[in-house]
Amino acid sequence: MATATDVELPTLSAEEIKRYSRHLIMPEIGMDGQRRIKAGSVLCIGAGGLGSPAAMYLAAAGVGRIGIVDFDVVDYSNLQRQLLHTTNDVGRTKLESARNKINALNPHVQVDTYDEALSSDNAMRLFKGYDVILDGTDNFPTRYLVNDACVLMGIPNAYGSIFRFEGQASVFAAKEGPCYRCLYPEPPPPGLVPSCAEGGVLGVLPGVIGVIQATESIKLLTGVGQPLIGRFLIYDALNMKFRELKLRRDPDCPVCGTNPTVTKLIDYDQFCGIVQPVHEQATGATVSTSEITPVDLKKKLDAGETPFILDVREPNEYQINKIPGSTLIPLGELPRRYQELPKDRPIVTQCKTGARSGKARDFLKTVGFNDVLNLKGGILAWIDQVDPSQPKY
Amino acid sequence: MPNTIHIPTPLRPFTDKKESVEVSGATVGELLKDLTTRHDGLKKHLYTDEGRLRNFVNVYLNDEDIRYLQKEQTPVKPGDQLSIVPSVAGGAVSPKPRAKAEGAR
């Protein structure tokens with residue numbers, strides 16, 4: 001890091017020496033290392049599952065400046081894993097909550113918060129001056145945006161990603177190291193890979209991965225140890241196994257290769273094939289001819305009609321709430337179980353928000369079911385509009 | 001002599017929730033073919049309609065990316081392990097202004 005060698009390192013006060021004593025007595029960190037940590041800065045993209053534990057440990061370790069980019073508000077469903085936020089914080093902005101916790105943990109840390117959505121327009125401005133970017137977001141456009149900005153600016157990216165009980169971590173865009181695009185030149189088409197909001201996540205998993213990201217950040221700041229550059233770590237919490245794969249810098253990489261074609265930030269939504277977020281489609285005003293609203297479905301049921309209601313969520317979601325009389329076949333099982341569906345009744349597909357069941361409807365049409373409608377807005381809209389007695393998740 | 005293919009979490013719905021599948025073949029391509037024969041639903045996630053491995057699905061033979069070996073023609077030895085490593089984006093629901101549209105509360 002440029003800050004470590006080129007610039008005069010800050011000194012530690014008597015209070016700081018007491019606070020960091022367990023670092024100071026370690027030969028690998030010592031006084032010099034601690035001063036490098038104090039001189040260092042890390043920008044956390046997101047103060048959620050990964051950003052929470054990362055920011056807390058970075059603060060505790062004495063990183064001089066921690067930046068956080070987020071615009072979200074603390075929700076009850078965050079508390080199962082986002083330890084920066086407590087029950088009392090529900091409804092507050094995550095930035096405000098994060099700032100309070102970090103200040104309480106370590107008043108020597110400067111916290112800079114950015115209440116904006118990271119975009120191609122602001123990424124370079126926000127990243128400027130930071131030594132490490134810690135990417136903890138949950139969507140592909142932002143992953144590619146963070147990667148490209150890091151490569152273009154020469155800032156390493158402490159990367160972490162999670163799904164259910166499996167996590168991935170690496171350090172991308174370090175000098176001489178590979179970047180995210182060397183590993184994945186192209187994103188998957190939208191909808192093929194579920195997000196945590198759809199697929200769920202074991203609460204402790206982001207703790208492990210976020211702390212690995214924080215560990216790598218501290219190693220990058222101090223220059224100690226072997227950073228996770230050119231290595232891809234996969235953690236399986238269910239089997240408690242770590243695996244490591246080799247990563248190579250791709251000479252043909254469009255952003256960090258020998259003849260890069262990406263030399264400035266692009267439109268990442270377009271790059272990832274996203275026209276309009278699925279959730280907005282689900283809550284938008286128009287109803288297409290292959291959809292039915294919860295109110296209209298209720299009317300049909302009340303009128304004695306008997307559409308076959310196909311719930312394509314997972315069994316554990318079905319335990320939380322359901323439309324009475326619905327049948328559960330998870331989306332993943334549908335291709336080999338669609339013969340179980342009646343041919344002589346109209347079918348209404350349904351999931352949590354309408355995204356997965358839209359795919360189910362499209363699939364059923366390809367295998368010969370003609371009268372299929374997707375429940376607009378899913379069970380959440382059903383609960384809002386028809387049956388508020390059921391819990392939402 | 002069978003080889004093991006590690007199945008990542010997002011693809012386990014297509015392998016009856018199995019974490020790994022025993023397959024046989026002489027090359028990486030043959031092992032993958034055996035896998036998709038046993039678990040048909042995986043095919044569209046791993047291959048394009050033209051039968052090419054999808055770009056966002058990486059396949060590793062032990063700890064090495066097959067792109068830097070002989071790709072699907074890479075020969076396999078008994079006991080070699082194959083891993084499918086798809087891209088996963090999970091983390092904070094942020095910073096796309098989506099949570100607000102979704103009504104986070």
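**Helices and sheets, term by term**

Q: How do you know that the span of helix α17 (residues 355-366) of chain A agrees with its number of residues?
A: At 1.5 Å a residue, its 12 residues should span 16 Å, and the end C-alpha atoms are 17 Å apart, which agrees. The expected span is 1.5 Å times one less than the number of residues. Helices here are DSSP runs of H or I with at least four residues, strands are runs of E with at least two, and both are numbered from the N terminus.

Q: What kind of model is this, and which pLDDT do its features need?
A: It is a predicted model, where local features need pLDDT of at least 70 and side-chain atom pairs count only at pLDDT 80 or more, while totals for chains, interfaces and linings use all residues. Residues are numbered from 1 along each chain as its sequence is written, and chains are lettered from A and ligands numbered from 1 in the order in which they are written.

Q: Which residues of α17(A) are called buried?
A: They are A:A355, A:R356, A:S357, A:G358, A:A360, A:R361 and A:L364. The word applies if 20 or more other C-beta atoms, placed from the backbone, lie within 10 Å of the residue's own; with 12 or fewer it is exposed, and in between partly exposed. After α17(A) comes A:G368, with a positive phi near 100°.

Q: What makes the contact between α5(A) and α6(A)?
A: A:A55, A:M56, A:A59 and A:A60 of α5(A) meet A:A98, A:K101, A:I102 and A:L105 of α6(A). A contact needs C-beta atoms, placed from the backbone, within 7 Å.

Q: What makes β3 and β8 of chain A edge strands?
A: Eight strands of chain A form an open sheet with mixed pairing, in the order β3-β2-β1-β4-β5-β6-β7-β8. β3 (110-114) and β8 (241-246) each have a single partner strand, so one side of each is left without a neighbour in the sheet. The twist from one strand to the next averages 15°.

Q: How do you know that β4 and β5 of chain A pair?
A: Strand β4 (residues 132-135) and strand β5 (residues 157-163) share three bridges in the parallel sense. Pairing takes at least two DSSP bridges, so they pair. The bridge partner of A:D135 in β5(A) is A:Y159.

Q: What does helix α8 of chain A touch in the sheet?
A: Helix α8 (residues 140-153) packs on it, touching β1, β4, β5 and β6 (166-172) of chain A, with its direction at about 170° to that of β4(A).

Q: Why is α8(A) called mostly covered?
A: 12 of its 14 residues are buried, including A:F140, A:Y144 and A:V151. From its first C-alpha to its last, α8(A) reaches 20 Å, close to the 20 Å expected at 1.5 Å a residue. Just after α8(A), A:G154 takes a positive phi of about 70°.

Q: How does strand β5 of chain B pair with its neighbours β1 and β3?
A: With strand β1 (residues 3-6) of chain B, β5(B) pairs in the parallel sense over three bridges. With strand β3 (residues 57-61) of chain B, the sense is antiparallel, over five bridges. B:S83 in β5(B) stands opposite B:H6 and also opposite B:Y60.

Definitions and conventions. Contact = placed C-beta atoms within 7 Å. Axes fitted to C-alpha atoms, helices over the stretch in contact; angles between N-to-C directions.
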